[in-house]
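Please look at the sequence and the structure shown here before reading on. The briefing is meant to be read alongside them.

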Amino acid sequence: MKKTNVAAGLIGLAISGYVLVTASKFPENHSPTDPGAKFFPMIIAGFTAVLSLILIVASLLGKMKEEGAALSLTPGMKRGFIAIVLFLLYCLLFNKLGFILDTVWLLFAGMYLMENRRWVQMAIVSIVVPVIVYFIFAKLLYVMLPDGLLSFMF
């Protein structure tokens, strides 16, 4: 478990470093009431880096409990890994499919993954929620969301 904790800590440090470098390139905001785009990513990356360092140091100093059981892939862990893959696929297809279509399949797949088998409810929620969110953000708040394959409609 010691090697696993150190590896997890190093991965956390690498991700934190990437987020810190990327967020540091965000434009400055000099408004006294708006913290700007880089504020929250920098805070979260900083916390992640600190926690990752604590995990590494505690593992190397032997402060962590050693568990005898080997790491096993439980059904919940499998669903978690599948959810991560689905979300990565969502990110990759976001601009091509557009917000609405991409979010429709993600919501449907997410509900299926969570073992919801009420097909009509899954279809209605998967279609209605992205359309409502799109119109709130794109038409009322003027936030640019990709239209993707549905660009002919908007």
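This is a predicted model: local features need pLDDT of at least 70, side-chain atom pairs count only at pLDDT 80 or more; totals for chains, interfaces and linings use all residues.

Residues are numbered from 1 along each chain as its sequence is written, and side-chain values use heavy atoms, with hydrogens and water left out.

**Confidence**

- Among the elements of the protein chain, the lowest mean pLDDT, 92, belongs to helix 1 (residues 2–24), and the highest, 96, belongs to helix 4 (residues 99–113); helices here are DSSP runs (H or I, at least four residues), numbered from the N terminus.

**The largest nonpolar core**

- Eleven residues make up the largest nonpolar core, namely L86, Y90, F99, I100, L106, A109, L113, Y134, A138, L145 and L150.
- A nonpolar core is a set of buried Ala, Val, Leu, Ile, Met, Phe, Trp, Tyr and Cys residues joined through side-chain atoms within 4.5 Å, where buried means under 20% relative accessible area (1.4 Å probe, protein chains only).
- At least two residues of this core come from each of helix 3 (75–97), helix 4 and helix 5 (119–140), and helix 4 gives the most, with five residues.
- Leaving aside neighbours within four places in sequence, L106 is in contact (heavy atoms within 4.5 Å) with L86, F87 and Y90.

**Helix 3 and helix 4**

- Two packed helices are described by the angle between their axes and the distance between the axes.
- Helix 3 and helix 4 pack at an angle of about 170°, with their axes 8 Å apart, the axes being lines fitted to C-alpha atoms over the stretch in contact, and the angles running from 0 to 180 degrees between N-to-C directions.
- Helix 3 and helix 4 are therefore roughly antiparallel to each other, a description that applies to angles over 145 degrees.
- Residues that make the contact include L86, F87 and Y90 of helix 3 and F99, T103 and L106 of helix 4.

**Two buried residues**

- T103 lies in helix 4 and counts as buried at 10% relative accessibility; apart from neighbours within four places in sequence, T103 is in contact with Y90 and P130.
- N116, found in the loop between helix 4 and helix 5, is buried, with a relative accessible area of 13%.
- The side chain of N116 reaches the backbone nitrogen of R118 at 3.0 Å, and, not counting residues up to four places away in sequence, N116 touches M111, Q121 and M122.

Technical notes
pLDDT is the predictor's confidence in each residue, from 0 to 100. Buried means under 20% relative accessible area, exposed over 50%, partly exposed in between (1.4 Å probe, protein chains only). A polar contact is a pair of N or O atoms within 3.5 Å; within protein, one must be able to donate a hydrogen and the other to accept it, and residues adjacent in sequence count only if both atoms are side-chain atoms. Angles under 35 degrees count as roughly parallel, over 145 as roughly antiparallel, 65 to 115 as roughly perpendicular and the rest as oblique.
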